[in-house]
Structure formats: C-alpha cells, structure tokens
Amino acid sequence: MIRRTILLICFVLLSVVPALGALRIDLPEHAMNGRAFLVTVHTNAQAPVCLKWNNTEISVSCVKDSDGYRGVALLALPRDFSEKTLQVSAVEETAAGTNIVTRTIPVQHKKYREQHLNVDRKYVELSKKSLDRHYAERATVRSMMTSLAAERKWDADFLRPVPGGVSSEFGVQRFFNGKPRKAHSGIDLRGKKGTSIKACADGVVRIAASHFFSGESIYIDHGQGVVSMYFHMSKLLVREGETVKKGQVIGQVGSTGRVTGPHLHFGLNVSGVAVDPIPLFTAKK
Ligand SMILES: [Zn+2]
C-alpha cells in the first residue's frame with residue numbers, strides 16, 4: 001500500500017514538474033514582412049533566454065508562472081524581407097549546459113503601394129545648412145537607438161496615440177516631387193492641430209526635440225528593443241528622461257517639419273526594424 005502510494009506521488013510529481021530542458025517557444029502560425037509578432041518563451045530555469053532570428057538577437061528575461069518561467073518578446077521582419085520562411089531560435093545557458101530550440105515558420109509577403117506627393121522644394125533640395133542639421137539629428141537618433149533599456153516596459157496591447165484614421169499607411173514607397181524616397185516608416189494618423197497625443201505604452205522619453213524633417217518629435221524607449229516615435233507635433237508636453245505611462249498625454253498634433261498638413265506620424269521600431277503598428281493597437285482606450 002505504502003509502495004503504491006509512493007509510486008502514485010512520484011507519478012503525480014513527474015506530471016506537474018516540467019522536465020529538465022523544457023525550453024519551448026510559442027510562435028504565430030506565420031510571420032509577415034514589415035510586421036512585428038509576439039513570441040512567448042517557456043523554460044524551467046530563471047536564466048535569461050536569447051532569441052535569435054534574421055541575424056538579430058535579444059535577451060528575454062523570464063518570470064515565474066504556474067509551470068516554470070515565462071517571458072514575452074516582440075520580433076520583427078523588415079518591410080523588404082523576401083525569404084519564404086523564418087527560423088527562430090531560443091538559446092538558454094544553464095548550469096547543466098546550453099539548451100537550444102529552433103523552429104521555422106512560413107512568411108507571408110505583403111506588397112506595399114506607391115504614393116506621390118508634392119512638397120515644398122526646400123524639403124527635397126536641401127541647402128548645405130539644412131543637410132548638416134539633418135545629419136546631426138540623425139546621428140543623435142542613431143546613437144539613442146544603440147543604448148536602449150533591456151528591461152521590457154511594454155504590454156502586448158499597444159494604445160493608438162490619437163483616435164483619427166490612417167491617411168498614409170506603413171510601408172508606402174514615397175515619391176516627393178517625382179523623386180523616390182525611402183518607404184514610409186510609420187503611419188500618418190488624422191488629427192486637428194491641438195489634438196492630444198497619448199503614449200502607446202509605458203516607457204522613458206529619450207528624445208523630445210525639434211528636428212528638421214520630423215518637426216517637434218518624441219522618441220519613447222519601451223525597453224527590450226521597442227521604440228515609438230511621434231512626429232510633426234505642435235506642442236511637446238514631456239521632457240527627455242521623463243518616465244511616461246501608457247495613455248499619458250505627451251503632446252499635441254501639429255504640422256511642424258516636412259508635412260503638407262496637420263497629422264501625427266507615428267512610428268514603431270522593434271529591434272531596429274520599422275514595423276506597421278496598426279496590428280499591435282489592441283488596447284481598449
Ligand atoms: Zn508619416
């Protein structure tokens with residue numbers, strides 16, 4: 001009887017305690033060029049897990065949950081990604097050795113459209129002074145992008161920063177006065193001058209400044225490689241270094257910088273890749 005009870009206890013324990021090397025990743029059924037997607041990591045060790053995909057890697061810290069440790073991360077594919085499949089690996093270093101799990105998912109390819117715009121010549125044919133100013137501002141942004149917070153502050157449900165509809169979608173190949181420019185790296189959201197702009201997630205304001213192209217601009221670091229950008233604002237209501245909460249008003253819609261009218265250009269970068277933020281706007285308000 002005692003032996004049977006011990007055997008039963010052992011059986012129950014084995015079925016509830018995850019086996020060693022239980023590293024596992026949950027991926028969507030497919031990925032898409034120009035989109036971010038959520039990955040969940042499950043493990044039974046507290047060590048951070050390294051996720052690797054498309055020559056990119058990030059470290060994911062996992063927290064205790066009912067069946068071991070769990071962490072989430074956003075991974076992204078560039079707009080011009082052309083491979084048919086994507087390999088994602090999770091690598092974990094534990095006292096017992098290295099665990100690696102690799103999975104491959106199909107990639108669906110979205111074709112992005114073209115858009116022709118006429119803008120003031122001074123924004124297309126730049127003077128040396130304007131160009132120098134732009135290069136200096138670009139260097140500031142690039143340097144900020146290399147010193148992002150490792151710890152995740154965002155939740156998977158991002159908030160739409162203004163209620164207005166999309167006037168120019170993500171990924172559009174733009175032509176200014178007939179000349180090809182880089183593809184639209186964010187979305188343009190409609191809004192009257194003075195409309196409140198809300199932070200899409202918790203984070204820290206890293207840049208709040210006036211830039212030549214993007215006008216009055218805010219960059220928020222949400223941690224673990226996620227950065228949101230708000231351009232052409234009429235008013236900035238937060239300062240560099242300030243911690244902001246999701247839904248906090250950070251500024252107002254305007255038409256500063258290279259624009260044809262008031263709107264909010266909103267951009268989202270995930271591990272250095274610009275993605276379409278629309279599918280991530282799942283927060284209720
Ligand atoms: Zn835009």
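## Residue classes and the model

Ala, Val, Leu, Ile, Met, Phe, Trp, Tyr, Cys and Pro count here as nonpolar, while Asp, Glu, Lys and Arg count as charged. The others, Gly among them, count as polar.

The model is predicted. Its chain has 285 residues, and 44% of them are buried. Three helices and 22 strands make up the secondary structure elements of the chain. Along the principal axes, the C-alpha atoms fill a box of roughly 90 × 40 × 30 Å.

## The largest pocket

The largest pocket holds about 1400 Å³ of space. Its lining takes in 45 residues. Nearest the centre of this pocket lie Lys182, Ser185, Phe231, Arg258 and His265. By class, the lining has 20 nonpolar, 14 polar and eleven charged residues.

Which element gives the most to this lining? Helix α3 does, with six residues from the stretch 128-145. Domain 1 (2-108) and domain 2 (114-280) both contribute to the lining, so the largest pocket lies between them.

## The zinc site

Three residues coordinate the zinc ion: His184 through NE2, Asp188 through OD and His265 through ND1. The distances run from 2.0 to 2.1 Å. Along the sequence, the donor residues follow the spacing H-x3-D-x76-H. Asp188 and His265 thus link distant parts of the chain, 77 residues apart. Asp188 sits in strand β14 (residues 187-190), and His265 sits in strand β21 (residues 263-270).

Are Asp188 and His265 buried or exposed? Both are buried. His265 also ties this site to the largest pocket, as one of the residues nearest the pocket centre.

## The second largest pocket

The second largest pocket has a volume of about 150 Å³. Ser61, Cys62, Val63, Arg70, Gly71, Val72, Glu151, Arg152 and Gln224 line it. Strand β7 (residues 68-76) is the element that gives the most, with three residues.

The classes in this lining are three nonpolar, three polar and three charged residues. Domain 1 (2-108) and domain 2 (114-280) each supply at least three residues to the second largest pocket.

## The cavity

How many cavities of 30 Å³ or more does the structure hold? It holds one. The volume of the largest cavity is about 30 Å³. Its lining consists of Trp53, Asn54, Thr56, Ala76, Val270, Ser271 and Val273.

Four of the lining residues are nonpolar and three are polar; no charged residue takes part. Here too, domain 1 (2-108) and domain 2 (114-280) each give at least three residues.

## Asp65

Asp65 lies in strand β6 (residues 63-65). Its relative accessibility is 23%, so Asp65 counts as partly exposed. The cut-off for buried is under 20%, and exposed means over 50%.

The side chain of Asp65 reaches the backbone nitrogen of Asp67 at 3.1 Å. Asn44 is 21 residues from Asp65 along the chain, and the C-alpha atoms of the two are separated by 9.8 Å.

Conventions:
Residues numbered from 1 in each chain as written. Predicted model: local features only at pLDDT ≥ 70, side-chain atom pairs only at ≥ 80, totals over all residues. Heavy atoms only, no water. 1 Å grid on protein atoms, 1.4 Å probe; cavity = no way out; pocket = protein on both sides within 12 Å on 5 of 7 lines; lining within 4 Å. Points joined across faces, edges and corners; volume = space filled by probe spheres on them. Domains from an automatic or database assignment. Donors = N, O, S within 2.8 Å, 3.2 Å for Na, K, Ca; no water. Helix = DSSP H or I, 4+ residues; strand = E, 2+ residues; numbered from the N terminus. Buried < 20%, exposed > 50% of the residue type's maximum accessible area, 1.4 Å probe, protein only. Polar contact = N/O pair within 3.5 Å; in protein donor to acceptor, adjacent residues only side chain to side chain.
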